[in-house]
Amino acid sequence: MREATSISELRSALRRQGIWGTRAERLLQEWADHVHETAAQQVADGATLEAADQAAWQALGVPRVLAAGAARELVRSSWLGRHPWLAGLCLPLAGWLLVMTIAVFAAVTMAESASRPACTALEITMHWVPWLVGCAWLAWLVRRMPGGWKLYWISAVVLVLLTTSMIWQIKPPTHGPGTLAQGPRLALVTTLGGIPGAILNKLGTLFHLWERIEPANDRTVYFSNPSTVIPWIQIALSTVGMIGVHRWSRSSARPDQWRPA
């Protein structure tokens, strides 16, 4: 009974530190083996089995302290953990810039000659693929937690801002500025959306930027925020998911329900 209670407390403490799955089970097995060895030695010295078992678990240490020490070791053993700002901020930013650079070149080519359905498919793809890739990266972090919660939250905030910020819209070339050229070709208009777009829109309104930018804009880049709810849907889903993962990790109820490999 003492062992089952102690294991449950240790597993909950590990999960609150972001350690679960095989790593948590390996630590629990190591600690249990150490307790069994200590208890066996005390029994050999004349102690009763129950007293030796209880004393061995107490000697192991406080679950919260053990879990915190294990989390520090996990962070130090990983490059991601040792450099959370570099890994959480610079890596997602570099990846996002690379994907967007490729996408912009592809979009310019397609807008020159491709059909409207092809451009629409590209538009939908770029609305959702960066966000889905960002979710996959966060899911990997949740599964591995190489840098603990610090790396997780840095990456989460950066990815939510980045992956929901680029919005593309297809417009006929006759619809004002933003066209590639006059004629039958389509224009793929790039704008900022979500939180970055809202901030930039507010700044543009406060400082009257749009009156100066839009009349002279003859390229495919708009700076005003488009009327689309997609970024806000993605931000809402990401926020619910991030908070849900964190609250799940802090909960001590039903600690054995999810054990990723």
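Modeller: A patch is made of residues with over 30% relative accessible area and no salt bridge, with like charges joined within 9 Å and nonpolar side chains (Val, Leu, Ile, Met, Phe, Trp, Tyr) within 5 Å; a salt bridge is a side-chain nitrogen of Lys or Arg within 4 Å of a carboxyl oxygen of Asp or Glu, and areas are Shrake-Rupley values with a 1.4 Å probe, only the protein chains shown counting as cover. The model is predicted, so local features need pLDDT of at least 70 and side-chain atom pairs 80 or more, while totals for chains, interfaces and linings use all residues. Residues are numbered from 1 along each chain as its sequence is written, and side-chain values use heavy atoms, without hydrogens and water.

Colleague: Which residues form the nonpolar patch on the surface?

Modeller: Val157, Leu161, Ile195, Ile199, Leu203, Leu206 and Trp232 form it, with about 600 Å² of accessible area together. Helix H9 (194-206) and helix H8 (148-163) each give two or more residues, and H9 has the largest share, four; helices here are DSSP runs (H or I, at least four residues; strands are E, at least two), numbered from the N terminus.

Colleague: Why does Leu161 count as partly exposed?

Modeller: Leu161, in helix H8, counts as partly exposed because its relative accessibility is 34%, where buried means under 20%, exposed over 50% and partly exposed in between (1.4 Å probe, protein chains only).

Colleague: Now the inside: what does Ile19 touch?

Modeller: Leaving out residues up to four places away in sequence, Ile19 touches Leu14, Ala24, Leu27, Ala67, Ala70, Ala71 and Leu74, contact being heavy atoms within 4.5 Å.
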